[in-house]
Amino acid sequence: MKDIKVKSTVNAAGRKVPLRINGEKVLPFMGVGKHLPEGRKYSPPIPSCIDYPPDGNKVVASLGEALSRCGLRDGMTISTHHHLRDGDLIANRVFEIASEMGVKDLVWFPSASFPCNEPLIKYLEDGTINRIEGSMNGPLGRFVSEGKMKGTAVLRSHGGRVQAIQDGEVKIDIAVLVAPSADSFGNAKGTGGKSACGVIGYAKPDTMYATRVIIVTDNLVDIPCYPMEIEGNYVDFVVVVDKIGIPEKIVSGTTEITKSPDRLLIAELTASFLELSGILSDGVRIQAGAGGTSLAIGVFVHEILKKKGWSSAFGFGGSTRYMVKMLEEGQMGYILDAQAFDLEAVKSVEDNPRHFPYPVFNAYNFHSKGNLTSMMDIMILGATEVDLNFNGNVVTHSDGYLLHGIGGWQNCLHARNVILPLPLFRDRIPVIVDSVTTLCGPGELIDVVITERGIAINPLRKDLIRRVKGSGLPLTTIRDLKDEAESICGKPAKPEFEDRVVAAIKWVDGTVIDVVRQIKTKNK
Amino acid sequence: MKKAFAGNTGPRVRSDCGVTLGITQKGGINIDLKSKVGALYGDSVSELCHEVLAYFGIRNADLVVEDSGALPFVIMARLEAAIKKLIESDKEFLPPMLPKNLYATEPGRTRFSRLYLPGNNPALMINAGLHSADGIILDLEDSVAPEKKNEARFLVRNALRQIDFRGAERMVRINQGKAGLDDLRCVIPNNVNLVLIPKCESPDHVKEVDYEINKIRKELRLKTRTFLIPVVESALGVENAFSIAGASENVVAMAIGLEDFTADLGVQRTIEGNESFYARTRIVNAAKAARIQPIDSVFSDITDIAGLTQNVLRSKALGFEGMGCIHPRQIRIINQGYAPSEDEIDKAGKIVLAWEEARKKGLGVVALGTKMIDAPVVARALKTINLAVKLGKIPADWKSQE
């Protein structure tokens with residue numbers, strides 16, 4: 001591919017970033033809260049109701065027909081949501097159809113990708129897809145890291161995705177949105193049918209801002225599909241297929257807490273830290289992920305709340321059966337839900353009025369008039385690396401390969417207490433490093449790192465340090481943790497990169513906080 | 001060309017490596033490294049392999065290393081094991097001994113929980129010291145497959161030098177018979193606090209191990225003591241319990257192993273344990289008579305925490321002072337179970353205070369509530385209080401806090 005010399009600069013985080021990505025001008029990261037765009041939000045073209053069937057029936061025969069009638073052509077941006085997770089059958093199908101139609105240079109703009117999307121590599125190779133602007137997972141990340149994708153990937157947080165849509169940075173031409181239940185007018189929801197996933201909130205900005213919207217369902221219900229998460233007024237076409245997903249891969253039958261004694265130790269330490277620091281209190285607002293360690297923390301926190309007779313005012317999900325248990329036993333007032341991870345969570349959204357969909361459109365978006373994340377007291381997050389300045393990396397591994405998406409991670413850093421329970425090393429690879437391979441979140445927003453070998457509090461949080469002094473918790477410093485990891489594992493070498501930028505990492509406000517460069521592959 | 005393999009490989013293996021070595025006549029050292037952490041540690045793994053081969057005087061070899069994130073001491077142990085399958089050598093390639101690993105322990109220290117670690121599985125060893133067990137047992141016996149016995153020795157030796165077990169008593173369970181005596185050669189020079197003697201049936205058995213350890217200690221001029229725990233696992237061992245307990249001044253505790261014991265009796269092992277009641281009480285009695293600690297058998301269902309809790313309470317009631325653990329999750333239950341409860345400490349405190357009060361007043365007989373207290377009751381209460389102080393459950397000046 002031709003190599004255009006692109007000017008670059010060093011951003012406020014000290015990372016060298018280009019000033020143009022995929023031919024478009026981009027802004028370098030200026031610091032947390034420093035970039036405030038002005039003007040008006042992007043708006044999609046004006047539709048008129050008389051262009052749609054008066055009987056409200058928007059069903060067409062096939063996805064291919066819907067895509068043709070949406071005017072699918074070269075260079076368009078196609079969006080999808082990821083609520084069917086690793087069981088999604090439709091996203092890949094869209095590009096298979098596009099390839100059959102001979103369409104080229106599409107941009108795929110998913111809210112996340114999964115290992116099930118590996119077949120798309122074929123369409124990246126044959127030119128159907130120019131690039132992915134979304135999360136990179138497993139094989140796709142490897143493909144991109146090795147410099148094989150034509151365009152440059154752009155990774156955004158869940159909130160950053162909404163921001164990019166509202167800023168007009170990404171203009172969605174066609175949104176193809178799977179829905180476990182929908183009616184012929186296009187009203188749709190995440191419950192019901194054989195492919196229930198609970199909620200479909202990630203699709204909200206796509207419905208509102210895309211030029212064309214296609215709903216794909218395997219459960220067509222009578223009008224109205226109620227309670228609708230997607231309103232038919234935004235929808236152009238409805239496609240009915242046999243199967244939108246593989247149920248056992250959409251939600252796990254059951255989410256399980258970790259069995260690893262080391263991870264359980266980290267979870268216990270985290271729960272003790274929350275209790276002894278006084279962060280955990282009656283009415284606390286909690287958010288944690290669905291990983292095994294996070295779930296264990298949830299269980300331990302639940303026990304503390306019970307013991308004290310306290311209740312969490314609300315939790316923000318990723319919901320799981322453990323959260324549902326807190327709700328049902330009275331230790332959680334409400335679950336505001338962005339996605340449901342297991343069958344019990346899906347059932348709870350359907351049955352329990354205190355458990356309802358709450359899209360990231362409201363919770364994480366930089367252009368919202370206020371953000372749910374900054375209201376949260378406790379935020380439990382992961383990371384692949386944290387450095388001596390508490391900077392975090394979630395997209396690459398220490399070997400330099402791009403293997404994860406950002407998810408809501410950057411958005412969640414704005415919570416009042418951001419806590420990262422992490423193993424000190426994974427298979428000899430230290431998690432605490434001198435400097436993160438890829439910067440995804442500035443250290444000023446990360447408050448506490450909890451490992452099986454000690455707890456390091458960000459020196460900026462003098463209040464927290466004071467509150468846990470003399471508590472008996474194994475307090476240490478981030479540097480001592482790094483030294484301990486290296487004394488056990490040895491000092492790791494650094495991966496080597498080519499100059500070519502293969503992915504841009506956007507901050508929540510749309511500026512470029514870092515880039516990922518192509519891996520230098522050693523001659524074997 | 002004869003090839004030798006050592007270590008473990010496979011999709012589920014972590015923190016370990018497998019090495020396949022063939023010594024050649026010419027062509028120098030060729031290393032084929034397949035490492036999960038190659039980008040970060042590939043060069044250092046290769047360098048280390050060159051160093052080890054050179055140390056044993058090997059100049060020409062084909063070496064395949066399949067590395068799933070093994071720490072350097074593991075790679076060293078695997079390669080040394082493979083080398084020694086091909087050549088005779090008395091040399092040892094030793095990783096440095098961490099200075100903080102050079103601690104000694106006391107004969108009477110608490111031994112509520114001792115975590116068993118399979119001697120050929122490095123992944124379970126690395127963080128074992130974080131779970132607050134009183135002792136860590138690196139096992140060379142039943143948890144190691146017969147064909148892996150030899151390589152496990154090198155791994156255990158290196159682990160003793162390189163892993164910080166954070167103050168836990170450093171124990172090794174050796175093999176039975178001659179193999180066990182050979183194990184001692186390899187491990188004793190690396191600050192082993194205590195050796196477990198499996199299938200112990202007679203005092204001679206203890207004396208043989210004790211003699212061998214002393215021989216090594218003298219040769220190497222080691223200053224720290226190595227204590228012994230004979231493990232009684234047969235009907236004959238139970239009959240000889242008291243003489244085993246007194247076989248050496250280094251015997252600080254005696255344990256019972258119920259899997260082998262019930263097999264010897266030809267009965268099923270049950271949760272209630274009626275079939276081993278005699279044996280267990282016999283062990284407790286013999287140990288107490290010899291002024292050492294009686295230690296109970298492991299509880300083998302790691303998912304049954306409630307069952308374990310009950311089992312510990314029954315064991316403590318019989319007089320046992322500790323139990324083996326086969327999973328870190330059992331440690332806390334066991335430590336809490338054998339420690340005196342709040343209620344016991346509270347009652348014991350009242351008894352001691354009432355006794356002292358009576359002594360001051362010159363009274364011979366003391367009553368607490370409606371119950372009479374005599375000397376043995378006070379002696380038991382003092383034991384409880386002293387243990388509670390030692391465990392940090394109450395301060396040494398608890399009387400002034402009342």
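Me: What makes Ile229(B), Pro230(B) and Val232(B) count as contacts of Met254(B) in this predicted model?

Reply: Leaving aside neighbours within four places in sequence, Met254(B) is in contact with Ile229(B), Pro230(B), Val232(B), Ala241(B), Ile244(B), Ala245(B), Ile283(B), Ala286(B), Ala287(B), Ile292(B), Pro294(B) and Ile295(B). The criterion is that C-beta atoms, placed from the backbone, lie within 7 Å, and therefore these residues qualify.

Me: Which residues have the most contacts inside the largest nonpolar core?

Reply: They are Leu177(A), Ile214(A), Ile215(A) and Met254(B), in a core of 272 residues. Helix H2 (residues 72-86) of chain B gives the most to this core, with nine residues.

Me: Why is this core said to lie between domain 1 (3-86) and domain 2 (99-338) of chain B?

Reply: Both of these domains of chain B give residues to the core, so the core lies between them. A second, separate core has nine residues, including Ala348(B), Val366(B), Ile385(B) and Ile394(B).

Me: Why is Asn22(A) called partly exposed?

Reply: Asn22(A) has 15 C-beta neighbours inside 10 Å. A buried residue needs 20 or more and an exposed one has 12 or fewer, so Asn22(A) falls in between and counts as partly exposed. Asn22(A) is found in the loop between strand E3 (20-21) and strand E4 (24-25) of chain A, and its phi is near 55°, a positive value in a residue other than glycine.

Me: Why does Arg166(B) count as partly exposed?

Reply: With 14 C-beta neighbours inside 10 Å, Arg166(B) lies between the limits of 12 and 20 and therefore counts as partly exposed. Its phi is near 55°, which is positive although the residue is not glycine. The loop that holds Arg166(B) runs between helix H4 (149-162) and strand E7 (169-173) of chain B.

Me: What makes strand E9 (153-155) and strand E30 (512-519) of chain A edge strands?

Reply: The open sheet has three strands in the order E9-E29-E30 (chain A), with mixed pairing. Strands E9 and E30 of chain A each pair on one side only, and are thus its edges. Neighbouring strands of this sheet are turned by 40° against each other on average, direction ignored.

Me: How do you know that strand E29 (residues 497-506) of chain A pairs with E30(A)?

Reply: Six bridges join the two strands, which run antiparallel. Pairing requires at least two bridges, so E29(A) and E30(A) qualify. Within this pair, Val501(A) stands opposite Arg517(A) in E30(A).

Conventions. Residues numbered from 1 in each chain as written. Chains lettered and ligands numbered in written order. Predicted model: local features only at pLDDT ≥ 70, side-chain atom pairs only at ≥ 80, totals over all residues. Helix = DSSP H or I, 4+ residues; strand = E, 2+ residues; numbered from the N terminus. Axes fitted to C-alpha atoms, helices over the stretch in contact; angles between N-to-C directions. Core = buried A, V, L, I, M, F, W, Y, C linked by C-beta atoms within 7 Å. Domains from an automatic or database assignment. Contact = placed C-beta atoms within 7 Å.
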